[in-house]
Amino acid sequence: MPRTLKTDIPGEDWRVSPEQARQKGWREIFAPDLEEGFPLVVEIGFGRGEFIIDLAARNPDTAFVGVEYNRGRVVKMARRLARREFRNIRIVEAKGQEVVCDLPLNSVSEFWVNFSDPWPKDRHAKHRILQAEMIHAMALRLVPGGLLHAATDHENYAEFIQDRISKESLLENALTPFPFVREMPERMVTAYQKIWWEKGSRPYFWEYQRVAREPLLEEAVDPLMKGVWRLFRQEG
Ligand SMILES: C[S@@+](CC[C@H](N)C(=O)[O-])C[C@H]1O[C@@H](n2cnc3c(N)ncnc32)[C@H](O)[C@@H]1O
């Protein structure tokens, strides 16, 4: 029997619309709850939300923005957060690309993209979130020394990510001499990772750091520029 999604929020509602985020900006949205100068961390595709909840619980002075485009997951997360005491998480129902393009440059300390959908068929690879353009857009928004963490357990997507991320000139590999690692014992195991681990699949993890220098002129071009992304969104 299909279960109906409960949509009432039993407490404070920490959802923020993309429009609110655009108009107010994340600094102002978190300002009443956090000390000025707080770091900003963004997780894209939070799924069941356990990973960002764990990070937020361990780092109460850091602001966490969770982005997820599946409405059911966002509502479930909003209900879950309403029953907890967090003041340092906000969630957005939107595509990661949209939220990233609205973020100011040099404003994010860390991005997490955990087990994003692999779109295994070649003709669907254009839907993968970790495209070169998205990686560059995130790199432009990281503060110098800020980190992009990515993970997948899909071999073909792993090759794709490795190729794109290693070519990003504003990022350097923080796991050198390894291009990626297959284990990160200190990292929380996400729901998706657990399901596939039990079926025998082993993950790949990347950690790339924003270089300290300013972008060169050609690197400063933002591939997710608002207008371009909005146009792209309308097209489907
Ligand atoms: C395979 S699940 C992984 C969920 C979670 N990160 C984990 O490791 O358990 C991928 C998640 O990303 C979300 N997602 C996919 N593309 C997205 C996008 N462009 N923007 C935001 N969320 C996205 C999906 O709805 C799904 O919840």
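Student: Where does Arg187 lie?
Tutor: Arg187 sits in the loop between strand 6 (171–173) and helix 8 (191–198), where helices (H or I, at least four residues) and strands (E, at least two) are DSSP runs numbered from the N terminus. This is a predicted model, in which local features need pLDDT of at least 70 and side-chain atom pairs count only at pLDDT 80 or more, while totals for chains, interfaces and linings use all residues. Residues are numbered from 1 along each chain as its sequence is written, and side-chain values use heavy atoms, with hydrogens and water left out.

Student: Is Arg187 buried or exposed, and what is the nearest side chain of opposite charge?
Tutor: Arg187 is buried yet has no salt bridge, and the nearest side chain of opposite charge, that of Glu207, is 6.1 Å away. Buried means under 20% relative accessible area, exposed means over 50%, and partly exposed is in between (1.4 Å probe, protein chains only). A salt bridge is a side-chain nitrogen of Lys or Arg within 4 Å of a carboxyl oxygen of Asp or Glu; for charge, Lys and Arg count as positive and Asp and Glu as negative, with His and the chain ends not counted.

Student: Then which side chain does Arg187 join in a polar contact?
Tutor: The side chains of Arg187 and Asn114 are joined by a polar contact of 2.6 Å. The term covers a pair of N or O atoms within 3.5 Å; within protein, one must be able to donate a hydrogen and the other to accept it, and residues adjacent in sequence count only if both atoms are side-chain atoms. Not counting residues up to four places away in sequence, Arg187 touches Phe51, Trp112, Asn114, Phe115, His149, Ala151 and Phe205, contact meaning heavy atoms within 4.5 Å.

Student: Phe115 is on that list, so what about its phi?
Tutor: Phe115 has a positive phi of about 55° although it is not a glycine. Phe115 is placed in the loop between strand 4 (108–114) and helix 6 (132–141), and Phe115 is buried, with a relative accessible area of 6%. Trp119 also lies in the loop between strand 4 and helix 6 and has a positive phi of about 40°, but Trp119 is partly exposed at 30% relative accessible area.

Student: And which peptide bond is cis?
Tutor: The bond from Thr176 to Pro177 is cis, with omega near 10°, and Pro177 lies in the loop between strand 6 and helix 8. Both kinds of feature deserve a look, because most residues other than glycine have a negative phi, and most peptide bonds are trans.

Student: Switching to helix 4, what caps its N-terminal end?
Tutor: Asn70 does, with a side-chain oxygen 3.0 Å from the backbone nitrogen of Gly72. The twelve residues of helix 4 (residues 71–82) should span 16 Å at 1.5 Å a residue, and the end C-alpha atoms are 16 Å apart, which agrees; the expected span is 1.5 Å times one less than the number of residues.

Student: What do the buried residues of helix 4 pack against?
Tutor: They pack against helix 3 (50–58), strand 2 (63–68) and strand 3 (89–93), and among these buried residues are Val74, Met77 and Leu81.

Student: How many salt bridges does a search of the whole structure find?
Tutor: The search finds 14, one of them between the side chains of Arg87 and Glu12 (3.8 Å, N to O). Arg87 lies in the loop between helix 4 and strand 3 and Glu12 in the segment before helix 1 (18–24), so the pair ties together parts that are 75 residues apart in sequence. Glu12, Asp33, Arg87 and Arg90 are linked in a network of salt bridges.

Student: Last topic, which residues come nearest to the ligand?
Tutor: Of the 19 residues around the ligand, Gly45, Glu68, Arg73, Gly96 and Thr190 come nearest, where near means that a heavy atom of the residue lies within 4 Å. A polar side-chain atom of Arg73 lies 2.5 Å from an oxygen atom of the ligand, and a polar backbone atom of Gly45 is 2.8 Å from a nitrogen atom of the ligand.
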